[in-house]
Amino acid sequence: MPVADKKTEAPEKFTPYEPAAGEEYMNEKQLEHFRQILLGWKQDLMEEVDRTVRHLQEEANNYADPADRATQEEGFSLELRTRDRERKLLKKINETLDMIDEDDYGFCEACGVEIGIRRLEARPTATLCVDCKTLAELKEKQLGG
C-alpha cells in the first residue's frame with residue numbers, strides 16, 4: 001500500500017530556466033515555463049488520485065481479524081489524509097495558473113518585489129518573496145500559530 005509520498009513537493013523533472021542577459025522578468029517565455037511546470041505537477045497529482053481510488057476499491061477487504069481490519073483502516077486513513085493535502089495543493093496550483101493567465105505571477109503579494117525564478121522553480125505556488133515569507137514565519141512562530 002502506498003504511504004505518504006513526495007507529490008506535495010514541487011516537481012523535480014524540468015529544465016531550470018536560464019534567462020538571457022537583460023531579459024524582462026516574467027515575460028511570455030518565463031510564464032510559459034512556469035505554466036508547464038504547474039500543469040505537469042497537476043497531472044502527477046491527478047494520476048495519484050486515480051491510483052488511490054483504484055487502490056481503495058481493490059484492497060477493500062472485510063477482514064475477520066480486528067487487528068488486520070484496524071491495520072487496513074489505518075493505511076486507508078493515511079492515504080486519504082495525503083490525498084486531502086494534495087486536493088488543497090491542486091486548488092493552489094489552479095489559483096497559481098489563474099495568476100499566470102492574469103499576468104499577476106511572480107511578484108510578492110506583500111511587498112510587490114520579484115519573487116525570483118529560482119524560488120519559483122523550487123516552490124511554483126509561492127506568493128511571497130523570501131524576506132516576506134521569513135517575516136511571516138517569524139510572526140507565526142511568535143504568536144504560536
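**Fold, burial and charged pairs**

The model is predicted: local features need pLDDT of at least 70, side-chain atom pairs count only at pLDDT 80 or more, and totals for chains, interfaces and linings use all residues. Residues are numbered from 1 along each chain as its sequence is written, and side-chain values use heavy atoms, with hydrogens and water left out.

The chain contains four helices and zero strands, and its pattern along the sequence reads α-α-α-α. Helices (H or I, at least four residues) and strands (E, at least two) are DSSP runs numbered from the N terminus. Of the 145 residues, 34% count as buried.

Helix α1 spans residues 28–59 and includes Gln-30. Gln-30 is buried, its relative accessible area being 1%. When neighbours within four places in sequence are left aside, the residues in contact with Gln-30 are Tyr-17, Pro-19, Glu-23, Glu-24, Tyr-25 and Ile-117. Helix α1 also holds both Arg-35 and Glu-32, which lie three residues apart, about one turn of the helix. These two residues form a salt bridge whose closest N and O atoms are 2.6 Å apart. Within this pair, Arg-35 counts as buried at 17% relative accessibility, whereas Glu-32 counts as partly exposed at 32%.

Side chains of opposite charge can pair when their charged atoms come close. The structure holds 11 salt bridges, each defined as a side-chain nitrogen of Lys or Arg within 4 Å of a carboxyl oxygen of Asp or Glu. One of them joins the side chains of Arg-118 and Glu-18, with an N to O distance of 3.2 Å. Arg-118 belongs to helix α3 (residues 117–122) and Glu-18 to the segment before α1, so this pair ties together parts that are 100 residues apart in sequence. Glu-18 is exposed, with a relative accessible area of 59%.

Arg-118 has a further salt-bridge partner in Glu-121, the closest N and O atoms being 2.7 Å apart. Both residues lie in helix α3, three residues apart, about one turn of the helix. Glu-121 counts as buried, at 6% relative accessibility. Elsewhere, salt bridges that share partners join Glu-48, Arg-51, Arg-83 and Glu-86 into one network.

An unreviewed UniProt entry lists residues 104–137 as "domain: Zinc finger DksA/TraR C4-type"; UniProt positions follow the numbering used here, feature names are shortened, and annotations may be inferred rather than shown by experiment. In the model, the end C-alpha atoms of residues 104–137 lie 23 Å apart, and the span is 41% helix and 0% strand.

Key. Buried < 20%, exposed > 50% of the residue type's maximum accessible area, 1.4 Å probe, protein only. Contact = heavy atoms within 4.5 Å.
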